[in-house]
Amino acid sequence: MGRKIFIIGIGCVSLIVIGVIIALALTGGAAFRLWQLEWKKQGETDMRFVEVALPFTHNADLDNSLPFMASAAIDVDGDGVEELFLGGGKDQSDAFFGYKRGKGFVSLGVDYRLAKSAADATHGAASIDVDKDGNIDLFVTRESGVWLHRNVGDGFTSENLNLPLANNTTPLSIALGDVNKDGFVDFYISGYIKNDLVEGQAVFTRPYGGYSHLFLNNGDDTWRDVSKEAGVWRQHNTFTAMFVDIDNDHDSDLVVAQDTGVVETYENTGAFPFRRIDNPSVNSYPMGIGAGDYDNDGFIDFYFSNVGHTLPEKLLRGDLGNDDLFNPSYMLFRNRSGEGFEDVARQTRTARIGFGWGVAVADINLDGRQDLLAAQNYARFPGRNFLHKYACKIMLQYSDGEFMPVEKRVGAVNRSYAVAPIVADFNDDGRPDLIWANIDGPAKAFMSGVKTGNWIKIRLPDAPSSLGAIVTTTTPDGLTRTQQFLSGEGLGSDQSAEIIVGLGNEKEASIEVQFQNGVVKRADNVSAGERLSISAER
């Protein structure tokens, strides 16, 4: 069987469309690249990043494997500082790295090698202390299935969970939650059709694709498929999902990003099935999910990447009719206090951005406002050498609630084929650092340079008891900032388990943490620069 050529969020287009794209690139290359530009002015900021060494180059077999890779921040040695996990492609080991001052990121060595066959590719990752022994374990999704790597203190043991996934499905990413609040980790597997079964068009209107699965913990760290019982079983290619407490009622709701589809939002009512919630998405290519309270109203909002306006809309609509609604723009769902969503991407200047993958929400400059990051560029675009390559976005939020890109100004440009950003404090200086996980090329690492904004760091146990915990910070000026302990943000990625709260110029704050088991912990008059450890124990 010949090579399948992917395009547009992995949904394929016909050979005719591919020919049109290549012809445009070849015959009008300069004009086509000019048309692809985002035309966004860089914002003003004092923030700067410094690039450091990260010796990992992803080996993508673009002919025989889906173009994804896993990435995660994980504290593998329990010292309170995050290390970095990067998943390997075919014929490539997964790898762990730790930051060393003056050397950049260095490999943790063979003791931290994970069992993996040469013919396998690692697509997604999520970390948590599954067995509650104090060591952070790692789930990974691979072509061979879902694996659990248990941290034994000086390395990992490895087990293929042999989950009953649909025969046509490759697991892409994994979202962790505690759906029934029993203290054990459950997970949702986002599934994509296997590489050799991909068809030659962007399919919106008929059943097509892999299947996604919801697995509930039996209480002994074995899992059963409850997808049909929970009302989330369907055939549709899916990139990623997240469990998030949408309505602040202290349980794990579900948000799902489909390829050639819509955003799905589900409320956990305490019993199956989940209740599907309406949202403003229409036919599109939602890929990555970022989650954070961008407007500081106490409820988590969502940012979704999309294909953008890299290609003409007529080439993106696939088998949709002329009257079918379609949206190629990024989406920013403002959470209306748990009573639904509105897409405010246009108003906030976050809609018209070039082709994107994983996204994340983080206060990258510690001014107390959540910012947005987006991985960009696509390794499988036909004629990719003739197409414009984007810089990958760091979009700061300003006092008027609008966003402006600053990646060029701060020195963190990445024109490789990025799949996800990872944000964590890898050098333990209290400030967010940035990794771009890149397909078919070297990963890029940027450490926070100029010190802007005050901060407080809050470490909750990276354990099931922390999932969905709501962390509220109140400063003397009366402003509140709300964050949640979340897993699976980005795409095939997992962000830091450590919560960094930006205080701007404020010198102290009060902290409240509400856990899903009903425990509430408070810490008053916490000074800027302090590090807190807070658990759900009564």
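**Figure 1. Lining of the second largest cavity in the predicted model.** The second largest cavity is lined by Gln 36, Thr 310, Phe 355, Asn 377, Tyr 378, Phe 381, Arg 384, Leu 387, His 388, Lys 389, Tyr 390 and Tyr 417. Its volume is about 90 Å³. Six of the lining residues are nonpolar, four polar and two charged (nonpolar: Ala, Val, Leu, Ile, Met, Phe, Trp, Tyr, Cys and Pro; charged: Asp, Glu, Lys and Arg; polar: the others, Gly among them). On a 1 Å grid over the protein atoms alone, a cavity is a set of points where a 1.4 Å probe fits but cannot get out, a pocket is an open set with protein on both sides within 12 Å along at least five of seven lines, and lining residues have an atom within 4 Å of a point. Points are joined across faces, edges and corners, and a volume is the space filled by probe spheres set on them. Residues are numbered from 1 along each chain as its sequence is written, and side-chain values use heavy atoms, without hydrogens and water. In this predicted model, local features need pLDDT of at least 70 and side-chain atom pairs count only at pLDDT 80 or more, while totals for chains, interfaces and linings use all residues.

**Figure 2. The largest cavity.** Six cavities of 30 Å³ or more are found in the whole structure. The largest cavity holds about 400 Å³ of space. Of its 24 lining residues, Val 361, Gln 483, Glu 489, Ser 496 and Glu 498 are the closest to the centre. Two or more lining residues come from each of β18 (289-292), β22 (356-362), β26 (417-424), β31 (480-484) and β33 (strands are DSSP runs of E, at least two residues, numbered from the N terminus). The lining comprises 14 nonpolar, six polar and four charged residues.

**Figure 3. The open sheet β33-β29-β36.** Three strands form this sheet, with mixed pairing (two strands pair if DSSP finds at least two bridges between them). β33 (498-504) and β36 (531-533) are the edge strands with a single partner each, so one side of each has no neighbour in the sheet. Strand β29 (residues 454-459) runs parallel to β36 and is joined to it by three bridges.

**Figure 4. Strands β10 and β11.** β10 pairs with strand β11 (residues 186-193) in the antiparallel sense over eight bridges. Thr 169 has Ile 193 in β11 as its bridge partner. In β10 (residues 169-177), nine of nine residues are buried (under 20% relative accessible area, 1.4 Å probe, protein chains only).

Conventions:
Helix = DSSP H or I, 4+ residues; strand = E, 2+ residues; numbered from the N terminus. Buried < 20%, exposed > 50% of the residue type's maximum accessible area, 1.4 Å probe, protein only.
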